[in-house]
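Colleague: I would like to go through this model and ask how some of its labels were reached. Please show it first.

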Amino acid sequence: MASDGPAQAAAAVSDPLQYDLTTVLSKSLDRHLVFPLLEFLSQKELYAAEDIEAAKLELIEKTNMVDYAVDIYQGLNHTEEVPEQFVTRRGEVVNRLRTLEAEVKPITDFLSNADSVKMLKQDKSQNQAFLQAEFGIRAEHIEALYHLAKWNFECGNYSAAAEYLHHYRNLGTNPERGVSALWGKLAADVLLQDFETGMEDLLKLKDLLDIDTFAPVARQLQSRSWLMHWSLFVFFNHENGLNALIDLFLQERYLTALQLLGQHLLRYLAVAVVVNKRRRSALKDLVRVIQQESYEYADPITGGAHAWLARCGEVLDNDFFLAAAREAFLDAARTMLFETFCRVHQEIDMAGLSQQLGLDTEATEKWIVNLIRGARLNAKIDAKAGTVIMQAQGPGGDDVLLEKARSLSMRTFALSNTLVGILKA
Ligand SMILES: *[C@@H]1O[C@H](CO)[C@@H](O)[C@H](O)[C@H]1NC(C)=O
């Protein structure tokens with residue numbers, strides 16, 4: 001190992017790879033969900049292109065996407081040749097698909113007739129009897145529908161998978177497989193970028209997991225951790241996603257799963273809370289969680305808020321889920337730091353503060369004016385001296401103000417600690 005030279009110290013600050021969560025997130029995702037992450041990484045050019053292509057090939061070889069695997073193989077090896085194993089595999093995949101399609105034919109025939117479908121009732125066992133009596137559709141046909149859906153999913157035909165899983169969920173009576181089908185449906189929704197349906201399926205899945213209190217505790221924790229990981233795709237793409245993320249992650253049982261199995265998820269919770277101005281109250285909960293974790297202390301003010309914000313910006317920019325939230329996050333984080341800064345100082349030099357926050361003096365002044373107008377800051381601007389002077393409160397007011405300032409700066413420190421901490425983790 002080399003010594004800790006200045007070059008290394010500099011690399012530690014700006015090496016975006018140390019913040020990359022792709023590997024750790026992938027462990028709790030279906031392998032098909034990892035492809036968009038790898039695609040994103042290759043656009044970011046954080047890793048050597050061959051390394052990413054090799055990772056893709058390794059993933060894809062475990063699926064049925066043989067043609068895609070051949071493309072990657074040929075690109076990596078600079079060849080037009082198609083190795084024998086791919087040809088064989090392709091034959092197997094197609095054969096199995098045809099076999100399964102033949103097995104579910106009575107169902108697909110039935111489903112293609114809208115009038116017949118209308119005769120289905122709510123009650124699944126009633127339907128099963130009806131389907132058997134009228135159409136000769138038995139339980140094994142219905143189970144084959146599940147296998148056909150899964151096979152299509154592995155082939156990368158997510159729309160066929162989603163459709164078959166939808167029907168399986170309506171017809172199948174095996175509860176455990178019903179849950180598996182819903183996981184598959186959620187993954188298919190995400191891969192089809194249908195986040196509206198994704199949100200519905202996610203909430204249904206959560207309900208199913210929540211009532212499954214007889215499952216071994218370790219499995220319950222695991223399922224919740226998986227759900228939180230999968231939910232990121234939906235939450236960061238749905239218009240009400242950030243609220244829903246905060247609601248889910250801060251629920252006691254999900255929070256426990258997060259703390260035990262997925263501390264890296266705090267990054268997403270923290271960003272959702274900071275960006276979502278309507279949920280300021282969640283900040284307190286977030287800080288409570290953070291304080292239970294032992295993140296390294298880092299003072300954003302003395303450490304230079306500007307550098308800290310820049311680092312956060314870089315981390316968000318290189319995160320598949322958060323890249324789009326970068327500006328909103330920086331804006332909100334800057335405001336929070338700024339408010340804290342104003343509250344813990346008697347007199348602030350605006351030029352210095354602007355520099356700290358990476359803003360021009362005009363923007364800084366505008367902010368202060370807004371704070372004063374909103375009665376969130378009792379201060380006066382001395383335009384000539386370029387300073388802001390905090391005003392004393394009435395009798396006893398100082399204590400209140402100081403108390404407020406203390407708790408607020410504690411919160412902000414804790415928050416920035418977490419962010420720096422989680423980003424480093
Ligand atoms: C997906 O599956 C459906 C139903 O089997 C089929 O009609 C469609 O052609 C498939 N799509 C692709 C891209 O293979």
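Modeller: Two strands pair if DSSP finds at least two bridges between them. With that in hand, Ala379 stands opposite Met390 in strand 3, and Lys380 stands opposite Ile389 in strand 3. Keep in mind that this is a predicted model.

Colleague: How do you know that strand 2 and strand 3 are paired?

Modeller: Four bridges join strand 2 (residues 379-382) to strand 3 (residues 387-390). Pairing asks for at least two bridges, so these strands count as paired. Their directions are antiparallel.

Colleague: What lies between strand 2 and strand 3 in the hairpin?

Modeller: Four residues lie between the two strands of the hairpin. In the turn, Gly386 has a positive phi of about 70°.

Colleague: In what order do the strands of the open sheet come?

Modeller: The order is 1-3-2, with three strands and antiparallel pairing.

Colleague: What makes strand 1 and strand 2 edge strands?

Modeller: Strand 1 (347-349) and strand 2 each pair on one side only. On average, neighbouring strands of this sheet are turned by 20° against each other, direction ignored.

Colleague: Which helices lie against these strands?

Modeller: Helix 21 packs on the sheet and touches strand 1, strand 2 and strand 3. The direction of helix 21 makes about 65° with that of strand 1. Helix 22 lies across strand 2 and strand 3, running at about 150° to strand 2.

Colleague: Why are helix 21 and helix 22 called roughly perpendicular?

Modeller: Helix 21 (residues 350-357) and helix 22 (residues 361-373) pack at an angle of about 100°, with their axes 9 Å apart. Angles of 65 to 115 degrees count as roughly perpendicular, so the label applies to this pair.

Colleague: Which residues meet where helix 21 packs on helix 22?

Modeller: From helix 21 come Met350, Leu353 and Ser354; from helix 22 come Thr361, Thr364, Glu365 and Ile368. By class, this contact has three nonpolar, three polar and one charged residues.

Colleague: How many cavities of 30 Å³ or more does a search of the whole structure find?

Modeller: The search finds three. The largest cavity holds about 130 Å³ of space.

Colleague: What lines the largest cavity?

Modeller: The lining has 18 residues, and Asp20, Leu21, Asn318, Asp319 and Phe320 lie nearest the centre of the cavity. By class, twelve residues of this lining are nonpolar, two polar and four charged. Helix 3 gives the most to the lining, with three residues.

Conventions
Residues are numbered from 1 along each chain as its sequence is written. This is a predicted model: local features need pLDDT of at least 70, side-chain atom pairs count only at pLDDT 80 or more; totals for chains, interfaces and linings use all residues. Side-chain values use heavy atoms; hydrogens and water are left out. Axes are lines fitted to C-alpha atoms, for helices over the stretch in contact, and angles run from 0 to 180 degrees between N-to-C directions. Angles under 35 degrees count as roughly parallel, over 145 as roughly antiparallel, 65 to 115 as roughly perpendicular and the rest as oblique. Contact means heavy atoms within 4.5 Å. Ala, Val, Leu, Ile, Met, Phe, Trp, Tyr, Cys and Pro count as nonpolar, Asp, Glu, Lys and Arg as charged, and the others, Gly among them, as polar. On a 1 Å grid over the protein atoms alone, a cavity is a set of points where a 1.4 Å probe fits but cannot get out, and a pocket is an open set with protein on both sides within 12 Å along at least five of seven lines; lining residues have an atom within 4 Å of a point. Grid points are joined across faces, edges and corners, and a volume is the space filled by probe spheres set on the points.
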